[in-house]
Amino acid sequence: MDGMGWMDPQKWADSRKIDTFLEYAAQVREKADVFVLIGVGGSNQAARAVIEALRPEGGPRILYAGNNLSAIEMNRILCEIEGKSVYLNVIAKNFETLEPGAAFRILRAELKKRYGDAYRERIFATGTAGSSLEALCREKGYRFLEFPEDVGGRYSALTSVGLFPMAAAGVNIRELVRGALDLRKELERNQKEDHPVRAYAAMRNELYRRGYRIELLAYFEPSLYWFSRWWIQLFAESEGKEERGIYPASFQCTEDLHSTGQFVQEGTPIIFETFLEIGDTGSSLVIAEDEEADGFAYLAGRDLDEVNRLAAKAVKEAHEKRNPCLEIRMEKLDAYWFGRMFYFFEYACFLSARLLNVDPFDQPGVEKYKKILFAALREEKGGKEKYEA
Ligand code: PA5
């Protein structure tokens with residue numbers, strides 16, 4: 001089957017490749033105030049998930065572009081990079097997607113205006129071998145990183161696509177890859193069906209058969225927001241086809257308890273929940289005594305982190321009275337555990353899609369709106385091809 005290159009993380013993230021990512025990342029970290037990651041869907045979500053969760057110190061500010069067509073957003077980015085030393089990483093598997101294409105054009109023009117011919121040193125491009133992006137790199141002298149042909153965007157966390165921008169932001173990518181490799185070895189050693197990865201894939205399919213149509217990824221650390229977005233894309237694009245699949249959605253606690261929580265608890269019974277539990281957040285904050293009669297005296301001396309844990313327990317207890325609730329544990333919020341989680345969900349998603357009898361690696365529906373949009377853009381340009389515009 002095509003698209004299986006993610007299965008062995010070493011294939012695209014061996015020590016030599018990691019050295020290259022780190023070498024390029026060091027150049028960026030030394031010279032950039034701002035590093036703009038241009039990409040959409042699988043071409044930016046994994047890096048963003050880890051960078052935004054860990055927020056490593058030092059190094060450039062990371063901005064994200066090429067994931068929408070909003071002039072408001074792009075003008076904001078142009079304002080934010082004003083007067084700063086800027087480097088770009090454009091990531092596109094076949095370099096036809098409109099959003100990153102448009103953003104790359106706009107930002108490249110800005111770089112040319114500012115740095116003259118030296119603009120080229122500031123561009124790193126991640127694309128497939130033989131793509132038009134690679135040809136552009138050769139012609140213009142941009143640094144080129146290979147986007148593996150046998151890995152789809154949403155499975156590309158542990159390749160140049162995810163690892164180089166993570167390294168530029170200061171994430172320990174060796175640890176991240178080690179986490180994924182450890183889980184792979186574990187799966188090889190333990191072939192049993194009750195290994196959590198296999199059990200998760202089997203359980204969600206069983207729940208689907210029983211009529212559950214929505215899976216909520218419930219988490220209690222808002223820094224996992226972008227990770228939940230990565231997870232949503234992984235499952236939605238891999239499974240939602242041929243009129244089948246579970247709709248994946250996120251449930252950010254405790255905030256969402258005060259909005260969608262009511263529906264989750266008592267609305268149409270088609271939801272099951274997967275609680276992403278964190279063993280050790282590495283954070284603690286004891287709430288001080290306070291003589292003001294604010295009605296919250298019971299909080300004095302308690303650790304906010306502990307209160308959050310109690311909330312997680314309480315929510316699960318309340319919800320599981322009605323909804324099936326699964327639990328996945330991430331021991332720590334660090335690079336190693338993100339590596340494990342990427343591999344955990346990629347593997348589980350692959351198995352789950354196979355159980356559902358759909359192709360985990362295609363996304364035929366995504367193409368449909370593009371055709372209409374490109375036709376509309378060509379029409380307005382008097383029938384010219386989009387690349388001539
Ligand atoms: O997972 C996928 O394959 C998609 O979500 C792609 O990552 C996304 O459409 C971006 O594609 P490209 O990198 O070709 O611009």
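Reader: To begin with the largest cavity, how many nonpolar, polar and charged residues does its lining have?

Author: Bear in mind that this is a predicted model. Sorted by class, the residues lining the largest cavity are five nonpolar, two polar and two charged. They are Gly5, Trp6, Asp8, Pro9, Trp12, Tyr155, Leu158, Thr159 and Glu346.

Reader: Where does the ligand sit?

Author: The ligand is found in the largest pocket, which holds about 900 Å³ of space. The lining of this pocket comprises 34 residues, and those nearest its centre are Thr97, Gln363, Val366, Glu367 and Lys370. Two or more lining residues come from each of the elements α5 (98–115), α10 (225–239) and α14 (366–380), and the greatest contribution, five residues, is that of α14.

Reader: How is the lining of the largest pocket divided by class?

Author: It has eleven nonpolar, eleven polar and twelve charged residues. The shell around the ligand can be read in the same way, and there the division is two nonpolar, seven polar and three charged.

Reader: Which residues are around the ligand?

Author: The shell consists of Val40, Gly42, Ser43, Ala92, Lys93, Asn94, Thr97, Gly153, Arg154, Gln233, Glu237 and Gln363.

Reader: Which polar side-chain atoms lie 2.6 Å from an oxygen atom of the ligand?

Author: For a polar contact, one looks for a pair of N or O atoms within 3.5 Å. Thr97 places a polar side-chain atom 2.6 Å from a ligand oxygen, and Gln233 likewise has a polar side-chain atom at 2.6 Å from an oxygen of the ligand. With Arg154 it is a backbone N or O atom that lies 2.9 Å from a ligand oxygen. Taken on its own, the ligand has 390 Å² of accessible area, of which the protein covers 89%.

Reader: Turning to the backbone, which peptide bond is cis, and what is the phi of Glu242?

Author: As a general idea, most peptide bonds are trans, and most residues other than glycine have a negative phi. In this model the bond from Cys253 to Thr254 is cis, its omega being near 5 degrees, and Thr254 belongs to the loop between β7 (247–252) and α11 (261–266). Glu242, although not a glycine, has a positive phi of about 50 degrees, and its place is the loop that runs between α10 and β7.

Technical notes. Residues numbered from 1 in each chain as written. Predicted model: local features only at pLDDT ≥ 70, side-chain atom pairs only at ≥ 80, totals over all residues. Heavy atoms only, no water. Near = heavy atom within 4 Å. Polar contact = N/O pair within 3.5 Å; in protein donor to acceptor, adjacent residues only side chain to side chain. Areas by Shrake-Rupley, 256 points an atom, 1.4 Å probe, with all protein chains shown as cover. 1 Å grid on protein atoms, 1.4 Å probe; cavity = no way out; pocket = protein on both sides within 12 Å on 5 of 7 lines; lining within 4 Å. Sits in = over half its atoms within 2 Å of the grid points. Nonpolar A, V, L, I, M, F, W, Y, C, P; charged D, E, K, R; others polar. Points joined across faces, edges and corners; volume = space filled by probe spheres on them. Helix = DSSP H or I, 4+ residues; strand = E, 2+ residues; numbered from the N terminus.
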